[in-house]
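Please look over the sequence and the structure shown here before reading on.

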Amino acid sequence: MAGLKTASGDYIDASWELRVVVEELGTEAEPLTLRVTGDMHIGGVMLQIVNQMEVKQDWSDHGLWWEQKKLWLLKTNWTLDKYGLQADARLRYTRQHKAVRLQLPNRRMIRVRASFSEPVFRAVAGICRVLSIRHAEELSLLRAPEEKEKKKRKGPVLETEDEFDLGGVVLPASAEQQPFRGMPAHFSDSPATEACYRMLSVSWAGLSPEHVLKMPRPSNLVEKAQINSRWLSSSRSLMQQDVRENEQLWLRFKYYSFFDLEPKYDTVRITQLYEQARWAVLLEETDCTEEEMMVFAALQYHINKLSLSADPTDQAKEQGLDDLDSALSNLQVKLEGGTSTSDMLENLTTIPELTAVLRVFRPRKLTLKGYKPHWVVFKETTISYYKSREEALGEPVQQLNLKGCEVVPDVNISGQKFCIKLLVPSPEGMSEVHLRCENEQEYAHWMAGCRLAAKGRTMADSTYQSEVQNILSFLQLQKANPDVPVAPDAEAMSTQWLVSPRYQKKFKPKQLTPRILEAHQNMAQLSLTEAKMRFIQAWQSLPDFGISYFVVRFKGNRKDEILGIANNRLIRIDLAVGDMVKTWRYNNMRQWNVNWDIRQVAIEFDEHINVAFSCVSAGCNIVHEYIGGYIFLSTRNVDKGRDLDEELFYKLTGGHEAL
């Protein structure tokens with residue numbers, strides 16, 4: 001037993017004094033002094049602390065924090081010797097769950113209790129459970145920009161209404177949260193929590209052009225890369241990363257790989273994803289053309305119009321009816337029968353092909369040649385083009401394997417321009433070829449085929465037809481309907497804040513409003529959820545969608561370049577002009593390693609291609625976590641259920657800090 005003394009008061013055992021600061025006693029209180037031995041368990045130390053304070057309260061959420069080592073002592077059966085604790089250790093007895101202030105994707109502030117002792121990956125899962133957001137692995141936390149950075153950009157924080165408080169919400173013990181009155185049960189406890197659920201699930205329509213103009217926005221790729229330097233490490237706890245209680249953090253979708261978006265269960269998730277997409281477009285983080293911006297503006301206008309009278313509980317009731325309709329339609333299909341066996345076998349063995357006369361253009365330096373008509377054959381993942389149809393049996397002018405290529409749309413509906421820009425990897429870099437189609441239908445089929453081929457899939461893939469329909473529906477939204485009458489009260493509404501500052505400066509309100517209202521006629525019949533989903537799909541179809549930028553220096557080069565990390569590939573980008581130099585697909589990746597001492601990432605691809613770079617704008621751990629995170633998300637499967645292999649995530653993303 002620790003603390004044995006002689007008659008003179010000297011200690012005769014191996015005990016020593018350990019000083020512990022207890023946060024509940026206040027900042028001015030003296031640390032508690034405990035008499036301990038090296039073989040004492042952490043649980044025994046905590047029991048001594050509670051007994052010495054003689055304060056009756058629930059201490060179950062408290063734990064010991066070792067300040068010098070930045071380590072939680074959570075294994076209560078471990079001894080002090082096993083942890084390596086000695087008398088000079090500074091320990092703090094503090095709560096494991098503390099309040100943080102989160103700015104959500106919709107730029108609203110909310111206060112929640114988060115775990116400061118578990119890895120951020122698990123802490124975000126707990127936060128998302130409170131917010132009723134499924135698939136928390138797609139989100140993460142990043143630090144808010146520093147005050148100096150805000151002043152430099154002259155961008156005030158978006159001042160909205162009061163900060164919402166969910167710190168006192170108690171979740172049910174079961175993993176499945178049962179709805180009550182059209183919302184998760186824990187939101188129906190009080191009018192305040194009901195108002196919070198409305199904020200989470202219904203878009204806020206109180207913006208003004210000044211809000212958009214004054215919000216900080218990146219003006220170049222380097223500034224876009226600086227945003228990604230603020231992500232917290234998912235394999236370390238908030239306490240280990242010096243996050244303080246009540247500190248402001250941002251909650252954002254980090255990985256642009258959205259799995260199983262289901263309106264029935266994802267009301268909050270879809271709304272917050274729409275808000276992140278909206279702000280990415282408004283703040284010019286994702287570039288888009290003028291026609292695309294008018295579509296985004298019209299969708300925002302429609303969503304805001306419906307949101308003014310929307311009740312999130314009504315959406316749940318409508319989705320219940322939709323489920324019944326879906327079940328009845330599935331039953332009807334089963335009763336009527338499907339495709340015959342012979343047709344099914346033919347569909348499985350025959351890979352569709354595309355053939356057409358397309359105009360082809362290969363940009364080269366010091367050339368003024370334009371598009372020339374060629375006979376183009378699209379088979380499996382390869383495009384071959386010939387001077388004429390008659391020469392198709394011979395050698396093609398050029399043959400392009402689209403696996404791993406970049407597919408960029410170049411469309412102008414009013415000018416009847418339907419072009420596909422292909423950037424095909426080659427030993428010299430990226431070989432650029434432009435294909436020009438005659439009409440929307442032709443463009444949709446060729447574009448869908450190119451997108452699938454870039455992923456290594458053919459037009460026999462089950463998603464081909466749905467991809468064609470998505471492209472056609474997006475083109476339909478961009479069509480102008482000048483003959484459709486516009487409601488007289490709509491003309492008076494301010495629509496300038498629906499577009500990015502670039503177009504606010506380019507167009508006067510009198511020019512902007514008619515164009516947005518004209519585009520709105522194509523989507524006036526969409527429901528609120530359909531409009532949000534259409535906005536997200538349109539955002540996903542943009543060439544710059546889902547690319548996270550980092551300033552790096554490739555091995556052997558003396559100048560900085562940009563590395564773009566997407567959900568299926570890495571992109572090397574010229575920092576000076578912004579052009580893509582090279583792409584590498586994850587499915588061709590054999591392994592990657594990080595040298596933590598020299599901050600260098602080395603990646604090995606098929607065909608003995610090796611890429612190495614050092615990170616300039618962010619830590620190697622952030623780049624490493626992005627690559628590992630996307631590979632981890634690619635392993636998700638509906639058949640596997642909702643349980644994730646958390647240990648695999650830490651192995652792929654945590655590096656030398658993996659648990």
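## Overview of the chain

Among contacts in the chain between residues at least 6 apart in sequence, 61% join residues at least 24 apart. The model is a predicted one. Its secondary structure comes to 18 helices and 26 strands. Of the 659 residues of the chain, 49% count as buried.

In soluble globular proteins, nonpolar side chains tend to be buried together. The largest nonpolar core here has 118 residues, and the members that touch the most other members are Ile-110, Leu-141, Trp-539, Ile-565, Leu-570 and Phe-613. Domain 2 (103-146 + 161-312) and domain 4 (548-654) each contribute at least three residues to this core.

Which residues does Trp-539 touch, not counting those up to four places away in sequence? Its contacts are Tyr-256, Phe-258, Leu-273, Ala-277, Ala-280, Val-281, Thr-286, Phe-296 and Phe-545.

Strand 3 (residues 62-66) is largely enclosed by the rest of the structure, because five of its five residues are buried. His-62, Leu-64 and Trp-66 point one way from strand 3, while Gly-63 and Trp-65 point the other way; all are buried.

Strand 3 pairs with strand 5 (residues 91-95) in the antiparallel sense over five bridges. In strand 5, Leu-91 is the bridge partner of Trp-66. Strand 3 also pairs with strand 4 (residues 71-73), again in the antiparallel sense, over three bridges. Here Trp-65 has Trp-72 of strand 4 as its bridge partner. The hairpin of strand 3 and strand 4 has four residues between the strands, and in this hairpin Lys-70 takes a positive phi near 50 degrees.

## Strands 15 and 16

Strand 15 (residues 382-386) and strand 16 run antiparallel and are joined by four bridges. One link involves Tyr-385, whose bridge partner in strand 16 is Gln-398.

Which residues form the covered face of strand 16 (residues 398-401), and which form the uncovered one? Gln-398 and Leu-400 lie on the covered face, whereas Gln-399 and Asn-401 lie on the uncovered face.

## Cysteines

How many disulfides does the structure hold? The number is zero. The cysteine sulfur closest to that of Cys-620 is in Cys-615, at 3.4 Å, which is too far for a bond.

Is Cys-620 buried or exposed? Cys-620 is buried, because its relative accessible area is 3% and the cut-off for buried is under 20%. Cys-196 likewise counts as buried, at 1% relative accessibility.

## A threonine in helix 15

Helix 15 (residues 509-520) contains Thr-513. With a relative accessible area of 7%, Thr-513 is buried. What lies 3.0 Å from a polar atom of the side chain of Thr-513? It is the backbone oxygen of Pro-509. Thr-513 is therefore a buried residue whose side chain has a polar atom 3.0 Å from that backbone oxygen.

Key: Residues are numbered from 1 along each chain as its sequence is written. This is a predicted model: local features need pLDDT of at least 70, side-chain atom pairs count only at pLDDT 80 or more; totals for chains, interfaces and linings use all residues. Side-chain values use heavy atoms; hydrogens and water are left out. Buried means under 20% relative accessible area, exposed over 50%, partly exposed in between (1.4 Å probe, protein chains only). Helices (H or I, at least four residues) and strands (E, at least two) are DSSP runs, numbered from the N terminus. Two strands pair if DSSP finds at least two bridges between them. A nonpolar core is a set of buried Ala, Val, Leu, Ile, Met, Phe, Trp, Tyr and Cys residues joined through side-chain atoms within 4.5 Å. Domain bounds come from an automatic or database domain assignment. Contact means heavy atoms within 4.5 Å. A disulfide is a pair of cysteine sulfur atoms within 2.5 Å. A polar contact is a pair of N or O atoms within 3.5 Å; within protein, one must be able to donate a hydrogen and the other to accept it, and residues adjacent in sequence count only if both atoms are side-chain atoms.
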